[in-house]
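Subject: Structure handover and findings

Hello,

Here is the structure I promised to pass on. My notes follow below it.

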Amino acid sequence: MVAVNRVFIAQLAGLPVFGPDGEPIGKARDVVISLRIDRQPPRVLGMVVELVTRRRIFVPMLRVTSIEPNAVTLATGSVNLRPFHQRVNEVMVIGELLDAKITVEDGATAVVVDAAMELTRTRDWRMVRVAGRERTGRFSLKGPVQVWRWEDVTGLSVNEIAGQPQGAQQLVAVFEGMRAADVAHSLHELPAKRRHEVADALDDERLADVIEELSEEDQKDILSHLDEERAADILEAMNPDDAADLLSELSEGTKDRLLELMEPEESEPVRRLLEYSFDTAGGLMTPEPIILTPDATIAEALARVRNPDLTPALASMVFVCRSPSATPTGRYLGCVHIQRLLREPPFDLVAGVLDTDLTYLSPNASLSDVTRYFATYNLVCAPVLDETEHLLGAVTVDDVLDHLLPDNWRETGLSHA
């Protein structure tokens, strides 16, 4: 028995999906409808569910037994794990319908902020209501959210949705709170038009985080859509190693123009990384690990590793060097593992607990050498030094995995071995 008869679709996004015995399946990401030629409410075909492996599958509405405010439950039976592929005349409500411009009964224009489906007497779900706010100008909305019958609005045919420019404020609101990797996966599934609209609506920091999680083709697609000034701003907001990887995929002319548009202090570490081949320690490393001088305390080191912007791998180790502490640093003295930091008195100096025996990587070390290094020492972060023992950066295990996995791993997700 379905718990409710009317469901607003935007409220479904991110809800956990469970099997009949309570086993977790994944999360609801969208609802697929089949648009009609006339203006009658379209039939709801099913839900797009993202598995824990990030693969997106299609679940027919007949398989849905319960929709509650905090969860969706599926009926008994096997789940078809084939990836979801959108067909002609199918529309993803969250991905494509939100932010669409519509005309309502009195001739006013509005923007879609949500849509509601209802269960009919024949046990079919129909998209029966459209929620929106009226427009006062090109970008301005006014008044409270209103709800209209599907039959009383125009502008929601497949051709109209595909042809009109849409904002993306409502879709961006749905993405709020999602991990950058999950937003990236959602963007990959959208038509190019909507992908570009979302990119335009995201702020620079958020878009930079999302681009870092996209495939090379999607990265180049979005970067080429942006004007060069904003593209340079996005590259500045990205991690230098990710920015260098992306720039290395562009033509020499485009790469040089974007580097010139970047602020010199932002472009300099990227330029240094571009000097190395992508499959060497120098090409894999980030030039911005945690670097401390020998007079820093354990408390200072712990404060640095608490930075929420650091990846867990990068936060696993701090490096101690003589000034200057920006890469390339002064003479490298050693490193301290986070587990050691947690065991020491907070006001002791990091210089007293250095690991000076751990070997380091050369910037020209091959990918296979780097892989063997991590396997040998059971680490997730490693220092990269030049021949005069100055710290150039650090390689993390996630960067290594990115280059070991197949090129299309972000689109295909994980297998169910």
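A question to start with: is Thr396 buried or exposed? Keep in mind that this is a predicted model. Thr396 is buried, because its relative accessible area is 3%, and the cut-off for buried is under 20%. The residue belongs to strand 17, which covers residues 391-396.

- A polar contact joins the side chain of Thr396 to the side chain of Asp398, at 2.6 Å.
- A polar contact also joins the side chain of Thr396 to that of Asp399, at 2.9 Å.

Leaving aside residues up to four places away in sequence, Thr396 touches Ala313, Leu314, Phe374, Val380 and Cys381.

**Overall picture**

The protein has 417 residues, and 49% of them are buried. Its secondary structure comes to 17 helices and 17 strands. The C-alpha trace spans about 75 × 50 × 40 Å along its principal axes. Take the contacts between residues at least 6 apart in sequence: 59% of them join residues at least 24 apart.

**Aromatic pairs**

The count comes to three aromatic pairs. Phe58 and Phe84 are stacked, because their ring centres are 6.1 Å apart and their planes meet at 20 degrees; the limit for stacking is under 30 degrees. This pair links distant parts of the chain, 26 residues apart. Phe58 sits in strand 5 (residues 56-60), while Phe84 is in the loop between strand 7 (71-74) and strand 8 (90-92). Phe58 is partly exposed at 27% relative accessible area. Phe84 is buried at 9%.

Tyr373 and Tyr377 make a tilted pair, with 5.0 Å between centres and 55 degrees between planes. Both lie in helix 15 (residues 367-377), four residues apart, so about one helical turn separates them. Residues three or four places apart in an α-helix point the same way, because the helix has 3.6 residues a turn. Tyr373 counts as buried, at 6% relative accessibility. Tyr377 is partly exposed, at 38%. Tyr373, Phe374 and Tyr377 form one aromatic cluster. Phe374 was also named above, among the residues that Thr396 touches.

**Helix 8**

Helix 8 covers residues 228-237. Seven of its ten residues are buried, so the helix is largely enclosed by the rest of the structure. The buried residues are Arg230, Ala231, Ala232, Ile234, Leu235, Glu236 and Ala237. What covers them? The cover includes helix 5 (192-201), helix 6 (204-211), helix 7 (216-225), helix 9 (240-247), helix 10 (252-261) and helix 11 (264-274). At the start of helix 8, a side-chain oxygen of Asp227 comes to within 3.1 Å of the backbone nitrogen of Glu229.

**Salt bridges**

The whole structure holds 18 salt bridges.

- Arg194 and Glu197 form a salt bridge, with the closest N and O atoms 2.8 Å apart. The two are three residues apart in helix 5, so about one helical turn separates them. Both Arg194 and Glu197 are buried.
- Glu228 and Arg257 meet in a salt bridge at 2.8 Å, N to O. The pair links distant parts of the chain, with Glu228 in helix 8 and Arg257 in helix 10, 29 residues apart. Glu228 counts as partly exposed at 33% relative accessibility. Arg257 is partly exposed too, with a relative accessible area of 41%.
- Arg271 and Glu260 meet in a salt bridge at 3.3 Å, N to O. Arg271 is in helix 11 and Glu260 in helix 10, eleven residues apart. Arg271 is partly exposed at 31%. Glu260 counts as exposed at 59%.

There is also a network of salt bridges that links Arg29, Glu50, Arg56 and Asp182.

**Surface patch**

Leu401, Leu404 and Leu405 make a nonpolar surface patch of about 250 Å². Leu401 is found in helix 16 (residues 397-404). At 43% relative accessibility, Leu401 counts as partly exposed.

Best wishes

Terms used:
Residues are numbered from 1 along each chain as its sequence is written. This is a predicted model: local features need pLDDT of at least 70, side-chain atom pairs count only at pLDDT 80 or more; totals for chains, interfaces and linings use all residues. Side-chain values use heavy atoms; hydrogens and water are left out. Rings of Phe, Tyr and Trp (its six-membered ring) pair if their centres lie within 6.5 Å; planes under 30 degrees apart count as stacked, over 60 as edge-to-face and the rest as tilted. Buried means under 20% relative accessible area, exposed over 50%, partly exposed in between (1.4 Å probe, protein chains only). Contact means heavy atoms within 4.5 Å. A polar contact is a pair of N or O atoms within 3.5 Å; within protein, one must be able to donate a hydrogen and the other to accept it, and residues adjacent in sequence count only if both atoms are side-chain atoms. Patches are made of residues with over 30% relative accessible area and no salt bridge: like charges are joined within 9 Å, nonpolar side chains (Val, Leu, Ile, Met, Phe, Trp, Tyr) within 5 Å. Accessible areas come from the Shrake-Rupley method with a 1.4 Å probe; for residues, only the protein chains shown count as cover. A salt bridge is a side-chain nitrogen of Lys or Arg within 4 Å of a carboxyl oxygen of Asp or Glu.
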